[in-house]
Amino acid sequence: MDQSGILYSEIRKQYPEVSYAEGMYLYDTEGKKYMDFAAGIGVVNIGHGVKEVIDRMNEQARKVSYVYGGTFTSEARRNLADKIISMAPEGMDKVFLCSGGSEAMESVMKIARQYQIEAGHERKNKIIGRWQSYHGNTFGTLALGGRPSWRWKYEDFFPRNISQVSPCNCYRCPYGLTEECCSCQCADELEKKIKYEGPDTVAAFVMEPITGTTSAAIIPTQRYMERVREICDKYDVLFCVDEVITGFGRTGTNFAVDHFGITPDLIGFAKGLGSGYVPIGGVIVHKKIVDTIAAGSGALTHSFTFSGTPIACAGAEAVLDYIKEHELVERSRRMGALLLEKLKVLEKYSVVGNIRGIGLLLGIEFVKNKETKEPLDFNFSAEIGKYCFPRGLMLSAGVTGAADGVVGDALQLAPPLIISEEEIDFVISMLDEAIRYVMAAHGLQ
Ligand code: PLP
């Protein structure tokens, strides 16, 4: 056990100590080099040690690092908000800032509820999320998410009035349908749910437009996204998206909703905006919500001590400038397509059930049987991760519940957007070797 005073999440594990990092690579205090193919955990989109960001933060720190956002604004905060809005879908025109993804998604729920009250829909106090999703680790966001293994210990403390519908997952259709006979029953389920709950009681529907942590890069159909937008409009339900992992170029567009040409009402974001240089998150708010609250109470009943601090905003603004200058959104699309193509070589293995995703948010779902899609009875991707780490490749392995919320596992592939073709080739050959090794270790053919 580590002798320091830190309560690690894995208490008995010995963690290597990081010394420094550059670009795609981390170096520990023993001098060992690791490729950070996980971008931390879908965070370090621009790579490590970017001088321009560090310099901008230094410059800001010399002027002022912190003011309470309820007392002062700052140039850095205004500039950052303008840049975020310029990347967002048309009609979304204000940004609320906070420090991370869970805070962002809590804020989405609270802003949605406040909007409904101020719009005269006082009874709209229910929120609908989806199974196989992840929105954070606070009571509110765990209740909104759909990962049973992370929920059950805390369910007694969950807020009331948050419930789930099935996701749109064509590899494992919740209705057992194929493309030929699908008429978007999973979207119909949302409409039925709103009707049963009572349309005058539902405030918001929240989904990850492309999934991250819980189910590894599942893309809904265009039809599903359009139907969801229609259903939300029909019943005055706010359509909210969690772009904590997908935002700011990860999927090859500014936001994942851009793939579908859909304008949501609220977008939660975090990870890639700070790219690991600063802890920052927030919510992009549609004009209709801003106007309603401005004409009503005129004040959000919501704030955090670290909302929009000058130091965090300066770092994040420099990250956005770097993304733009180095065309990293386009690069994510291009390198993602290349990685997806090269990953296909792994389809030769009987355990590789599904390779999916877009841009640099990809996933591999492992199965016991390709035809029946029966899940494995052990966590294959966790073992892949354990094989690769000592060999210098860091992955986000060990996604569980990918099949039905309880069983099934997948590997999330979300490297920094700066990855090169040579680095992709290294990863493909290491994954190939790792899959062969884990299959052999479990007697799989
Ligand atoms: N939402 C999504 C889609 C995420 O992937 C995450 C984190 O993995 C969160 C919310 C929670 O973010 P945080 O860990 O910064 O609170």
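Biologist: Let's start with Pro 375. Leaving aside neighbours within four places in sequence, which residues is Pro 375 in contact with?
Modeller: Val 367, Lys 368, Ala 403, Val 407 and Gly 408. Keep in mind that this is a predicted model.

Biologist: Where is Pro 375 found?
Modeller: In the loop between β12 (361-366) and α13 (380-388).

Biologist: And Ala 403? What separates the C-alpha atoms of that pair?
Modeller: Pro 375 and Ala 403 have C-alpha atoms separated by 6.8 Å. Along the chain they are 28 residues apart.

Biologist: Zoom out. How many helices and strands are there in the protein chain?
Modeller: 14 helices and 15 strands. The chain has 445 residues, and 54% of them count as buried.

Biologist: What does the radius of gyration say?
Modeller: A compact globule with 445 residues would have one near 22 Å. The protein chain has 22 Å, so the two agree. The C-alpha atoms fill a box of roughly 65 × 60 × 45 Å along the principal axes.

Biologist: What about contacts between residues at least 6 apart in sequence?
Modeller: Of those, 72% join residues at least 24 apart.

Biologist: How many residues of α11 are buried?
Modeller: 12 of the 16, so α11 is largely enclosed by the rest of the structure. Among them are Pro 310, Glu 317, Tyr 322 and Ile 323.

Biologist: What covers them?
Modeller: The cover includes α2 (51-63), α3 (75-87), β4 (92-98), α9 (271-274) and α12 (328-343).

Biologist: What happens just after α11?
Modeller: Glu 327 takes a positive phi of about 50 degrees there.

Biologist: Is Cys 182 buried, exposed or partly exposed, and what is its relative accessible area?
Modeller: Partly exposed, at 32%.

Biologist: Back to the cysteines, then. Which one has the nearest sulfur to Cys 313?
Modeller: Cys 98, and its sulfur is 11 Å away. Cys 313 is in no disulfide. With 0% relative accessibility, Cys 313 counts as buried.

Notes. Residues are numbered from 1 along each chain as its sequence is written. This is a predicted model: local features need pLDDT of at least 70, side-chain atom pairs count only at pLDDT 80 or more; totals for chains, interfaces and linings use all residues. Side-chain values use heavy atoms; hydrogens and water are left out. Buried means under 20% relative accessible area, exposed over 50%, partly exposed in between (1.4 Å probe, protein chains only). Helices (H or I, at least four residues) and strands (E, at least two) are DSSP runs, numbered from the N terminus. Contact means heavy atoms within 4.5 Å. A disulfide is a pair of cysteine sulfur atoms within 2.5 Å. The radius of gyration is taken over C-alpha atoms; the globule rule is 2.2 Å times the number of residues to the power 0.38.
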